[in-house]
Structures are given as C-alpha cells and as structure tokens.
Amino acid sequence: MKEYDFIQPAHLDVLKEIGNIGAGHAATSLSALLGKTIEMSVPEARVIPFQDLPDRMGGSENEIAAIYARIHGDTPGSVYFFSDVSHSESLIQQLTGRPVYGTDRSSLNDYATSAYLETGNIVIGSFLSAFADLTSLTVSRDVPDLSIDMAGAIISHGLSQLLIQSDVAIFIETQMKIDGEKTSRNFGSILLLFDPETFDVLFQSLGVNIDE
Amino acid sequence: MNKVITIGMAEIAYSELSQPLRTSGLGSCVGVIIYQEGSNHAGMAHIMLPSASISTKKVHKIGKFADVAIPELTSELVRRGASTYRLKAKIAGGAQMFASSGNEMMRVGERNVVAVKEQLNQLNISLVAEDTGGTNGRTILFDPKTQALTIRTVHLGTKVI
C-alpha cells in the first residue's frame, strides 16, 4: 500500500469525523422520512486494496440494491447508498406501506423503485451537503441511479475512475439501521470513494498536513 | 471434480490440469478466456479498463488494462507450450450497471469490450463467442475440457456460450 504512505491515522480520523457528521445528517433526513429513529454505526475510514471492497458488501456475488452518484467539483469521487436486497425490500415496505414481491427490476413497480431511489437521493444529498459545509469545498453530484445486482459488478462501476491511477481505495463507510429492528446486517450503508488526486485538496481545506 | 480456480478483479490465472476458471461480479469489467482447442491450455483475465496509456502510474495489477492483460495472457500461454495460431477466445461482461451515467468517460463497459476486441484482433486470436453489453452483472465459469463458458446473471438466469 505504498501509494498512500502519507496517510496517517490522524488523516483517517478526520475522514471518520466527516463520515460521522455526514451520516448523522443523512440519518436525520431518513428518520424524518420514515417517522422512525435511525441508528448508525461508528464510521469506518480505511485504505484497502480495491479488490477487497466487494467483501465489505457481503461478497462479490451478494445481491444488493444500490443507488450510485458520481461526485464532481473539488473532490471527485463516487458515492453509494446500498443495502442487501432483503433489507431494501423491508425499507421499501416501510416507505410505501405496501408489500414488495421480489426486487427484480421488472417486478418492482415504478412506485417502489422511485421510493427507494428517492430515499437514496435524500441520504446521499444530505451526506454530501454536510461534507461540503464541513470542508468548505464545492461538490456536486450527478442524478443518482438504481441498480439491483451483484455487489462486485456494482462496485466496479464506481472504481473505474479511481483505478486509472491507483490499486488501492480509500473509503468512508457508515451503516444505518432502523432502531429496534432485528437485523443482523445493516439496512443501508453509505460508501464514499475518493479519486486519488483529491487528497491534497481535501486535507488542505481541513488544515491537516500531508508530508509526502 | 477438479478444483475451480477463482480469478479476482484485475487478476490473470491459468488452468494447468483442466481446472475450471471462474470469475464473479463482472460489471463494466470484461472476462477474457484465451484457450487452445484440444489441449489443456487456457487462461482467464478479469479486465477493468481499456488502456494503461491513460495512467501516469507505472505499476498496476497485471490484469487491469486490456492492452497489458491480453498480450501477457497470450505470451504466457505460448511460454507454457500453446501455439499462437491455434489460440481462440471467449469474452463476457462490459455491462453498463447504471443507466444515467451517459457521459463518455463513464461508458467504461462499452469501451472495455472495444479495447479487448482490438487486442485479440492484433494478436490474430479469433473470438469464438461473446456475451457482452446490457445492464446486468455476470459471473462466468470456463471449463477447459468442453470449452464451454457458463454465464450466470441475477435477473436473466444462466446460459452457456
């Protein structure tokens, strides 16, 4: 992991704090939407070989429902809101008050699809606006889109820009769940991936030194 | 039953004793199998990007770029005793997982497929079968004994090419 030798625990702590505040805002929005309390995990910020990312999403072939948006501006990157398919079904039920029969995109009706997409949109939007406030950086995002498929296939989409220059990924991840629900895994995770060239900009604006 | 050899993202592996080759979760990535009919020679790469020329970094994982991975895969098969002029290829992948990512840079799947075909063409390796494009992720398994490539998707079931 030589490429990111300059990343110290202090840098990762700063990223964790960003994850904490960003996800806090996202959880508040989601909680307002659902009328339920949302719990969130302590965020993780780590530098890992990119090929280990699918394992963090339940394995390369694990079926997930993911909302993706490309980030533009001062810190280009990728952002995902994703859940295991079974948990996305329960989330959609909570949102729409209607049962869901399978999450094949064709069997999932437009109403359920747009409910889930809108949830992801709100979560990603509040996360990024908190990120922008905290860092005083300008970030914008594309219109988010939904894919229900294998985790490996979904993550490779967001990795494609990053991999041009790097074999490692730096990410911030926070998991959320509805308070009191008995789920062993989260129902929703926010995953933020940075393009390698963004670190100078990011840490500079946060007043953290990079000694290369 | 032979143990299956699993290939991760941006990796290349070879089948020595007819072990099946497998890679999972191909999205915009392309799985490339190069093999020699009537022999045990077969190798697979999990290619993620079209060309190393866009990178300023020198060292990458060997299977990442089409223009590095395919020449490497071919020359290693030849080094292992395969004959260049009898090599054939099957490919799968190159999907666009998110429909809204319309801009040129993000259409990686499409560009990967083009780059892979260009490389195969340059090396005179005939492309026997392909399952590319679309919007679905794929898991693929190649059996060197039958040279069948089995492709599994979440929404469209399984097929063999």
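Me: What do the side chains of B:Glu11 and B:Lys61 meet in?
Reply: They meet in a salt bridge, 4.0 Å from N to O; the term means a side-chain nitrogen of Lys or Arg within 4 Å of a carboxyl oxygen of Asp or Glu. The two sit 50 residues apart, B:Glu11 in the loop between strand 1 (5–6) and strand 2 (12–15) of chain B, and B:Lys61 in the loop between strand 5 (42–47) and helix 1 (66–79) of chain B. Helices (H or I, at least four residues) and strands (E, at least two) are DSSP runs, numbered from the N terminus.

Me: Before I go on, what kind of model is this?
Reply: A predicted one, where local features need pLDDT of at least 70 and side-chain atom pairs count only at pLDDT 80 or more, while totals for chains, interfaces and linings use all residues. Residues are numbered from 1 along each chain as written, chains are lettered from A and ligands numbered from 1 in the order written, and side-chain values use heavy atoms, leaving out hydrogens and water.

Me: OK, back to that pair. How exposed is B:Glu11?
Reply: B:Glu11 is partly exposed at 30% relative accessible area, and B:Lys61 is partly exposed too, at 21%. For the cut-offs, buried is under 20%, exposed is over 50%, and partly exposed is in between (1.4 Å probe, protein chains only).

Me: How many salt bridges over all chains?
Reply: The count comes to 16. One of them joins A:Glu44 and A:Arg56, at 2.7 Å from N to O. A:Glu44 lies in strand 2 (residues 44–49) of chain A and A:Arg56 in helix 2 (residues 53–56), so this pair ties together parts twelve residues apart in sequence.

Me: And which salt bridge does B:Arg22 form?
Reply: B:Arg22 forms one with A:Glu61, the closest N and O atoms being 2.8 Å apart. This pair crosses between chains, from strand 3 (residues 21–26) of chain B to the loop between helix 2 and strand 3 (63–73) of chain A. B:Arg22 is partly exposed at 24%, and so is A:Glu61 at 26%.

Me: New topic: strand 3 of chain A. Why is it largely enclosed by the rest of the structure?
Reply: Because eight of its eleven residues are buried.

Me: Which strands does strand 3 of chain A pair with?
Reply: Strand 6 of chain A is one, antiparallel over six bridges, with A:Ile64 opposite A:Asp149. Strand 4 (residues 77–84) is another, antiparallel over eight bridges, and there A:Tyr68 stands opposite A:Tyr80. Strand 5 (residues 139–141) also runs antiparallel to strand 3, joined by three bridges, with A:Gly73 opposite A:Val139. Two strands pair if DSSP finds at least two bridges between them.

Me: What joins strand 3 to strand 4 of chain A along the way?
Reply: A hairpin, through three residues.
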